Amino acid sequence: MTSSTKRIIVVGGGIGGTMTANNLVAKFYPEILKGEIEIMMLSNSPNHIYKPANMYVAFNAYHPHELVRKQRSLLRPEIIFHVDGVESFEFEQNRVLCESGKRYDYEYLVISTGCIPAPERIEGLKEAGDHFYQTKAAQQLAHKLRTIEEGRIFITVNFPKTPNVPHQCGIAPIETTLMLDEYLRKRGVRDRVEIIYSYPTVSQLLRNCLFLQKPTCDVLPTIFDSKNIKYQRGFTLDKVDPEAKIAYSEEGNSQEFDILMATPPIRAVDAVINSGKSQAQNNEGWLPTDFETLKMYGTDNVYVMGDTVDLPVSKAGGTCHNQSPVIVENIASEIRRGYTSAIYDGKVQAIAQMGLEAGMPLWYDYKHDVQVAPPTKLGGLMRKTFNRGIYWAVARGIV
Ligand SMILES: Cc1cc2nc3c(=O)[nH]c(=O)nc-3n(C[C@H](O)[C@H](O)[C@H](O)COP(=O)(O)OP(=O)(O)OC[C@H]3O[C@@H](n4cnc5c(N)ncnc54)[C@H](O)[C@@H]3O)c2cc1C
């Protein structure tokens, strides 16, 4: 690196950061070869985790070692990679301070540090609840689901307190409810285990629904009825009594459970919360992000993506897939022409897992509500192929 080399730092070696670092190399290949631009990734882990697979771990359908790869192996060789977590963002000085004590200057910064489950934010939930958003928690839940013979499984979905910001992967609670039904049928205990799915009164823009988008809300009761899955609208989890195994709602209801399968509250990572840039409620830490350019408000050279944004879009890998090219194009355009030129339209796509075998392609953007293709085995095959292989090609920026 010479004094004139422009450094672009990507923070976070998850799906958003990895595909963006790789895409930046493809975009700036000539400049990188000439030493004019350097791409650096900083992550606090040597490993890359395929997070959605944790959902399968909960149903004993994925071995935990299969969802981890060495981060270095996913990065193009031109990327300088340091396993060194960012401790603080020094935006005014255009640099970051890392856990090692080293500081790195940048010309442009991309933040993709994701989010983390925070069940401790609801009284009793950490002690009494289970979830599938991290591997250890999913393994604990898997043990319970493997051994339950009879009783009640109560499902609760918890949104961030910041208005219009969703929980992680909007469709995951539905996917796992349907997987749970099929898994217990396979085990031969479904007729002795009651499943109750609940949803809070306020979910992004909708009220008193079962999901955050209307077309899905409309079809869910028919699907749930056909599988004898009970459902309750307007259950905003307030607190849990771990001894009595009762969940209480803000609306004044209560539900007993043997297993409490919860989508927990989430928050940004400490370094992002401590940056002081977030205007989110409840100290959740979402960074104020321009809807279209994906720049962080208040800075000229910092972009945010994935789960860390405060946008009303799904916190999903299928979101990163559409945000990454916009950020890469905007950085290139700024360096080469002096202005941004790409716009994020809010596009998200996914293949939802509907039960253990079927898959349902879906997509939406800022202007259009969710569009779905019918759930089929072919969709399920596409989802399995994504889980087992295509994901890693997406991370590498190939697909
Ligand atoms: C159970 C489950 C099911 C899901 N299902 C789907 C699905 O079907 N489809 C879909 O599209 N999405 C799904 N998702 C969501 C998807 O996994 C996330 O939206 C996606 O991983 C977000 O990418 P990201 O880059 O923002 O963050 P992450 O992938 O979480 O990566 C964050 C990275 O930042 C690193 N990091 C954290 N703090 C620091 C720091 N201080 N310094 C440096 N590095 C740091 C972490 O180690 C990690 O490498 C699911 C998630 C879960 C948990």
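Me: Where is the place of Glu251 in this structure?

Reply: Glu251 sits in the loop between strand 18 (246-249) and strand 19 (254-256). Helices (H or I, at least four residues) and strands (E, at least two) are DSSP runs, numbered from the N terminus. This is a predicted model, in which local features need pLDDT of at least 70 and side-chain atom pairs count only at pLDDT 80 or more, while totals for chains, interfaces and linings use all residues. Residues are numbered from 1 along each chain as its sequence is written, and side-chain values use heavy atoms, with hydrogens and water left out.

Me: Is Glu251 buried, exposed or partly exposed, and why?

Reply: Buried means under 20% relative accessible area, exposed over 50%, and partly exposed in between (1.4 Å probe, protein chains only). Glu251 counts as partly exposed because its relative accessibility is 33%.

Me: Which residues gather with Glu251 in a patch of negative charge?

Reply: Patches are made of residues with over 30% relative accessible area and no salt bridge; like charges are joined within 9 Å, and nonpolar side chains (Val, Leu, Ile, Met, Phe, Trp, Tyr) within 5 Å. Asp and Glu count as negative, Lys and Arg as positive, and His and the chain ends are not counted. The place of a charge is NZ of Lys, CZ of Arg, CG of Asp or CD of Glu. Here, Glu123, Glu127 and Asp238 gather with Glu251 on the surface.

Me: Which residues make the nonpolar surface patch?

Reply: Leu378, Leu381 and Met382 make that patch, of about 310 Å². Accessible areas come from the Shrake-Rupley method with a 1.4 Å probe, and for residues only the protein chains shown count as cover. Leu378 belongs to helix 11 (residues 377-395) and is exposed, with a relative accessible area of 57%.

Me: How many salt bridges does the structure hold?

Reply: Side chains of opposite charge can pair when their charged atoms come close. A salt bridge is a side-chain nitrogen of Lys or Arg within 4 Å of a carboxyl oxygen of Asp or Glu. The structure holds 23 of them. One of these joins Arg336 to Glu31 (3.0 Å, N to O). That pair links distant parts of the chain, with Arg336 in helix 10 and Glu31 in helix 2 (residues 29-33), 305 residues apart. Arg336 is partly exposed at 40% relative accessibility, whereas Glu31 is buried at 14%.

Me: Which residue forms a salt bridge with Lys161?

Reply: Glu250 does, and the closest N and O atoms are 3.8 Å apart. Glu250 is in the loop between strand 18 and strand 19, and Lys161 in the loop between strand 12 and helix 7, 89 residues apart. There is also a network of salt bridges linking Lys27, Glu329 and Arg337.

Me: How many aromatic pairs are there?

Reply: Rings of Phe, Tyr and Trp (its six-membered ring) pair if their centres lie within 6.5 Å; planes under 30 degrees apart count as stacked, over 60 as edge-to-face and the rest as tilted. The structure holds 16 such pairs. Phe224 and Tyr231 form a tilted one, 5.9 Å centre to centre with 40 degrees between the planes. Phe224 is buried at 0% relative accessibility, while Tyr231 is partly exposed at 27%.

Me: Why is the pair of Tyr344 and Tyr366 edge-to-face?

Reply: Their ring planes are at 75 degrees, so the pair is edge-to-face, with centres 5.6 Å apart.
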